[in-house]
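Me: Please take a close look at one part of this structure. I would like a connected account.

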Amino acid sequence: MTRKKGQYFIIGGGGRVGYFLARALLEADADYEVVLLERDEGRAKMLKRELGDVVVRGDACEVATLEHVGCERADFLLAVTGEDEDNLVMCQVAKQGFRGNRRTIARVNNSANIKLFYDLGIDIVVSPTNDILKTVGEELPLWRVIDITPPSNGGLRLVEVRVPENAPILGKTISAMGLPPDNTITLLVRDKHNSVPTPQTTLQAADKLFALVSDEGKLRLERAILGEHTAARLIGVIEED
Amino acid sequence: MAAPDSPKRICIMGCGRVGAQLAQQFAEQHHDVRVIDMQNDAFRRLPDDGKQMRTFLGDGTDPSVLENAGVAEAAMFIAVTNGDNRNIMAAQVAQHLFHVPQVICRIYDPKRHEIYKGLGIHSICPTLIGADAIYFDLMGSHLVLDAAIDGIVEHQHSIEEQRQ
């Protein structure tokens, strides 16, 4: 088989995400080489009718399957099944079990797993749940601190939070939150007006903050701004609306 | 076993035959045994003689389920569901998120077992152990016993190293 010189993508999981991803990549660049791995025989047959030889029946978590499709020379492994554990294992097997270097990208369904997956060596973690929450957060005051970026090597990440009506921090200054020294509130959005706050800035209800925080800083931010509003109540907020 | 250990919290994920068996063995030694399974029905395998055992219904790869089961204070975490990947992920959650001192998981696939050894995940591969046992039994050799004992000794060494 002759191979083209373009980037080589292996997609694990032929559900809707895997299918549209394969199609989009094939349409994006004629030089891209794509393999879509699907474990279920019936589903694989159906995908084959649509996409042809790009589809290979096999379990992407199995070393033998990845070997068969030449994982060693792959540039990307995209793990997009509906099961977080399968996506994690497929990325780790593709990294640890084969020579060469490839970027691993995993879909996570439980957004609580985002940080864990980064810690376990996945290069890019995509959480549809978190993405939708972020988008909804633009429209609705969601009572939760939302991660905008994953933690960097220094442990700091960018987060976003809205200040509710009865926030414990109302009327107090930013310094009263007691954030760790290397943490900063980088941006304050008030009435569609952006500014860089100082430690003396007083917070008001409906303020939106972007902050660079550590794990500890995120907890303090949560306590100071959300107080009794926990992530659990979020469900109630959405259902009530 | 020599003098009984002081009671430890031992969390077992997966209440199949192996999980239930382990739960019973540890409970007999008066450890604080906690069993996690996704199906309520699975807990029927546990003895109902009032031994020290608590059950938790939920997906053991979900950090919040493990937190509820008190994995953060566990001395051991054992992942023995029927899914290799579930065991692998739960073991890593227990190790990296909850810092459980002793974590072990069952991986049926010998290749994945090998790969995760390289990633510092302690696992048992029943496929290799079973195949060896049958092979050596048929070949009329006692080597398997020696090999198994070697394996256990080696494991104990690595635990000692981890503790130091």
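Is A:F76 buried or exposed, and with what relative accessible area?

Reply: A:F76 is buried, with a relative accessible area of 19%. Here buried means under 20%, exposed over 50% and partly exposed in between, with a 1.4 Å probe and protein chains only. This is a predicted model, in which local features need pLDDT of at least 70, side-chain atom pairs count only at pLDDT 80 or more, and totals for chains, interfaces and linings use all residues. Residues are numbered from 1 along each chain as its sequence is written, chains are lettered from A and ligands numbered from 1 in the order written, and side-chain values use heavy atoms, without hydrogens or water.

Now the rings. Ring pairs join A:F9, A:Y32 and A:F76 into a cluster. Rings of Phe, Tyr and Trp (its six-membered ring) pair if their centres lie within 6.5 Å; planes under 30 degrees apart are stacked, over 60 edge-to-face, the rest tilted.

A:F9 is buried too, at 7%. The rings of A:F9 and A:F76 are stacked, because their planes meet at 10°, with centres 4.9 Å apart. A:F9 sits in strand 1 and A:F76 in strand 4 (residues 76-79) of chain A, so this pair ties together parts 67 residues apart in sequence. Helices (H or I, at least four residues) and strands (E, at least two) are DSSP runs, numbered from the N terminus.

A:Y32 is partly exposed, at 26% relative accessibility.
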